[in-house]
Amino acid sequence: MQKLPPSSYPDPKLPKADTALNLNGQVAIVTGSSSGIGQACAVDLARAGAKVVVNYPFEGAKEGAGATAAAIAKCGGTSRLAMADVSNEADVQRMFRETVEAWGAVHILVANAGIQRDACIEELTLDQWNAVIAVNLTGQFLCCREAIRLFKKQGVLPEVSCAAGKIICMSSVHEQIPWAGHVNYAASKGGVLMMMKSIAQEVAPHRIRVNSICPGAIRTPINEEAWKTPEAYDALMGLVPYNRIGEPTDIGRAVVWMASDESDYMIGHSLFIDGGMNLYPSFEHGG
Ligand code: BGC
């Protein structure tokens with residue numbers, strides 16, 4: 001089948017977050033927003049009117065967080081930086097406390113921070129396993145728990161939103177697609193799937209909405225190897241029916257919608273944004 005040539009980057013035709021989705025008066029915490037998908041989520045949420053906490057994990061990531069804050073300022077938005085390791089309970093609690101002290105409330109959590117430590121199974125060390133589970137799964141649990149404690153206390157403020165709070169967990173196509181050589185990562189995202197759904201079921205009666213986004217291959221530092229060279233990009237396109245890599249704002253724009261009242265009846269759902277990667281494209285022929 002004839003495929004269109006891959007799009008160039010940055011794709012000028014990609015629309016920016018729809019500012020008709022108004023998040024004015026809302027406060028969002030975006031974990032891991034010093035780079036990649038988190039950075040785009042932070043900027044797109046700010047463009048839609050939310051005040052954004054730009055979280056980064058350690059001193060070395062401060063420059064990236066500063067770049068996010070600068071991009072937010074450039075489009076007239078407001079942000080503050082918060083260094084916190086999401087796998088550390090005290091750090092997470094401090095980040096939420098300081099946000100409330102500064103801005104009075106939190107309405108949106110994007111539990112995005114995530115890492116990869118790849119190795120084939122017989123070489124995968126316990127440290128690599130633990131590091132990925134700690135950030136990708138325990139980190140999301142700690143942030144979700146803190147957000148829910150706060151959302152319950154705040155209740156529904158109809159002038160702000162239909163919901164008492166919105167949580168968007170950053171999962172992956174690998175909550176569904178097995179991934180050889182990345183067992184720790186796939187296991188962490190499989191964990192996010194059932195964590196998200198179980199929390200969503202528990203807190204929906206409190207008008208708290210919890211959902212996930214499952215990105216496919218998005219052009220970020222985490223998967224540079226998969227798109228940096230033309231050969232790698234071509235091989236990647238064999239897994240993407242839509243025949244272009246995802247850009248971080250593909251996810252950022254979806255996050256804005258999922259945080260807005262436009263998606264108010266959406267609860268406990270995994271939204272795949274992946275150019276069709278979840279459609280098992282290797283079955284296009286044969287099978
Ligand atoms: C991973 C990327 C990968 C993509 C598709 C993501 O969750 O972080 O490294 O390219 O899934 O396989």
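Which residues in H3 meet which residues in H4? I noted first that this is a predicted model. On the H3 side I found Glu89, Val92, Gln93, Phe96 and Val100. Their partners in H4 are Leu142, Cys143, Arg145, Glu146, Ala147, Arg149 and Leu150. I then sorted the residues of this contact by class and got seven nonpolar, one polar and four charged.

Next came the geometry. Two packed helices are described by the angle between their axes and the distance between those axes, so I looked up both values. H3 covers residues 89-103 and H4 covers residues 126-154. Their packing angle is about 35°, and the axes lie 9 Å apart. I wrote down the crossing of H3 past H4 as right-handed.

Then I turned to the ligand. Around the ligand I listed Gln116, Ser172, His174, Trp179, Tyr185, Gly216, Ala217, Ile222, Asn223 and Met277. By class, this shell holds five nonpolar and five polar residues, with no charged ones.

Which side chains place a polar atom by a ligand oxygen? For Tyr185, a side-chain N or O atom is 2.6 Å from an oxygen atom of the ligand. For His174, the distance from a polar side-chain atom to a ligand oxygen is 2.7 Å. For Asn223, a side-chain N or O atom sits 3.3 Å from an oxygen atom of the ligand. My last entry is on burial: the ligand taken alone exposes 310 Å², and the protein buries 91% of that.

Note on methods
Residues numbered from 1 in each chain as written. Predicted model: local features only at pLDDT ≥ 70, side-chain atom pairs only at ≥ 80, totals over all residues. Heavy atoms only, no water. Near = heavy atom within 4 Å. Polar contact = N/O pair within 3.5 Å; in protein donor to acceptor, adjacent residues only side chain to side chain. Areas by Shrake-Rupley, 256 points an atom, 1.4 Å probe, with all protein chains shown as cover. Nonpolar A, V, L, I, M, F, W, Y, C, P; charged D, E, K, R; others polar. Axes fitted to C-alpha atoms, helices over the stretch in contact; angles between N-to-C directions. Helix = DSSP H or I, 4+ residues; strand = E, 2+ residues; numbered from the N terminus. Left-handed = near helix turned anticlockwise from the far one by under 90°. Contact = heavy atoms within 4.5 Å.
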